[in-house]
Amino acid sequence: MQQLDLKTWPAMPPVNGKSGHNESFHRQPHAAEVDEHHRLDDVLSLLFPSTVHVQHSHPISGHMHSLRLLTLSNGAHLLLKGSPSSRTALLRRERSFLETEAQFLALLGQSGNPCIPQLYHYDPYGRLWGSAYLIRQYMKGKSLSEMEGKLTSQQLEGINRHLGFLVSTIGQNAAPGFGSLQQVAFGAGRPSWREAFCALFEGILRDAEDMFIHLPYSEIRHELSRLAPALEYVSLPRLVVVDFGRPSHVLVNEDSGQLSGIVDFSSAMWGDVLMAEIFANASPAVLQGAGMAASRTREENIRLVLYACYRLVSRITVQYYRNRDETSEFDARRRLTTTIAEMTRL
């Protein structure tokens, strides 16, 4: 496959400047400094004529990466996503999240799917901004986690069907090797999904060990090794967003109750489409949209349990790298115990 050039990205057509509902983030009060505006204008000069400048820059709080909503003088809205603070402790896989998202959006840039934001620019060196950053289309809508209680069953069904279709469409992209987008782009992908997934799982286990987190490491590694042959049934590396379907990443139009966009593709990799979070207890509407049968083979069921175990270990581990949520951690630990018991019965 063609290797992506991640040094610079050509200018794209400006997005629609009309106001409306937007990505479901909390906005902080406007407090941009003159120096920051100059730097932002320098960045925008790569994409727009000199007559276009930043009118407002709103920092968006509550995220690992730095996020800024940019309102331009031509009425357009863009999102600038920058590297996490150097003080932020990162999991192994998180260290390449920004580059992964840029590669994913570049790869799907020609799809024309209105639910996937357009990438406008990516600079891994941050020459004008000070650290690596990307600029993408600003997606309108409220998160599914905020809207879920306000939607009818028919609207939820329609959203789930659309999500199933999208995850299947993304999975139609294939590669010559398994693993991270970076590894495969540079010809260093793994020859098997078994090898790639086991390496991914080992990475999160080591993240947990680094923080001295109490987990049944030996039992998890034993069950992973024992059940790993089921991973060999995945022979074609397909594009999958591991966190796809997470309610906080799904945007809904408040007026129509329909899917309006997806945000955060940083967990994308070449692997098994079934690893997408949306297939954990997938609804009939999701499966219908994805064109999948409701019944699963024994090997598929084993893989789904392995993926569930991976997600739960990740969910527990990240608590020790961020502001710890004991309620979330307790729930994940309880579910991990159930999942490991299920693994031993397979």
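**Helix packing and selected residues in a predicted model**

The axes of helix 9 (residues 298-318) and helix 10 (residues 326-345) come within 9 Å and cross at roughly 155°. The model is predicted: local features need pLDDT of at least 70, side-chain atom pairs count only at pLDDT 80 or more, and totals for chains, interfaces and linings use all residues. Residues are numbered from 1 along each chain as its sequence is written, and side-chain values use heavy atoms, without hydrogens or water. Helices (H or I, at least four residues) and strands (E, at least two) are DSSP runs numbered from the N terminus. Axes are lines fitted to C-alpha atoms, for helices over the stretch in contact, and angles run from 0 to 180 degrees between N-to-C directions.

Helix 9 and helix 10 are therefore roughly antiparallel. Helix 9 passes helix 10 in a left-handed crossing. A crossing is left-handed if the near helix is turned anticlockwise from the far one by less than a right angle, and right-handed if clockwise. Contact (heavy atoms within 4.5 Å) involves residues of helix 9 including Val 305, Leu 312 and Ile 316, and residues of helix 10 including Ser 328, Glu 329 and Leu 336. The residues of this contact divide into ten nonpolar, two polar and six charged. Ala, Val, Leu, Ile, Met, Phe, Trp, Tyr, Cys and Pro count as nonpolar, Asp, Glu, Lys and Arg as charged, and the others, Gly among them, as polar.

Glu 329 lies in helix 10. Its relative accessibility is 5%, and Glu 329 counts as buried. Buried means under 20% relative accessible area, exposed over 50%, and partly exposed in between (1.4 Å probe, protein chains only). Leaving aside neighbours within four places in sequence, Glu 329 is in contact with Ile 316, Gln 319, Tyr 320 and Arg 324.

Helix 9 also packs against helix 6, at an angle of about 25° and with the axes 9 Å apart. That makes helix 6 roughly parallel to helix 9. Helix 6 passes helix 9 in a left-handed crossing. Among the residues in contact are Trp 193, Phe 197 and Leu 205 of helix 6 and Leu 306, Tyr 310 and Val 313 of helix 9. Twelve residues of this contact are nonpolar, two polar and one charged.

Helix 6 (residues 193-210) packs with helix 7 (residues 217-227) at about 175°, with axes 11 Å apart. The two are therefore roughly antiparallel. Their contact includes Phe 197, Phe 201 and Leu 205 of helix 6 and Tyr 217, Ile 220 and Leu 224 of helix 7. By class, eight residues are nonpolar, one is polar and five are charged.

Two strand residues were also examined. Thr 71 lies in strand 2 (residues 66-72). Thr 71 is buried, with a relative accessible area of 13%. Beyond four places in sequence, Thr 71 contacts His 53, Val 54, Gln 55, His 56, Ala 76 and His 77. Ser 260 lies in strand 10 (residues 259-262). The C-alpha atoms of Ser 260 and Lys 140 are separated by 6.9 Å, yet the residues are 120 apart along the chain.

Mean pLDDT (the predictor's confidence in each residue, from 0 to 100) is 89, and 90% of residues reach 70 or more. Over residues 1-21 the pLDDT is below 50. It also stays under 50 over residues 24-32.

Technical notes:
Angles under 35 degrees count as roughly parallel, over 145 as roughly antiparallel, 65 to 115 as roughly perpendicular and the rest as oblique.
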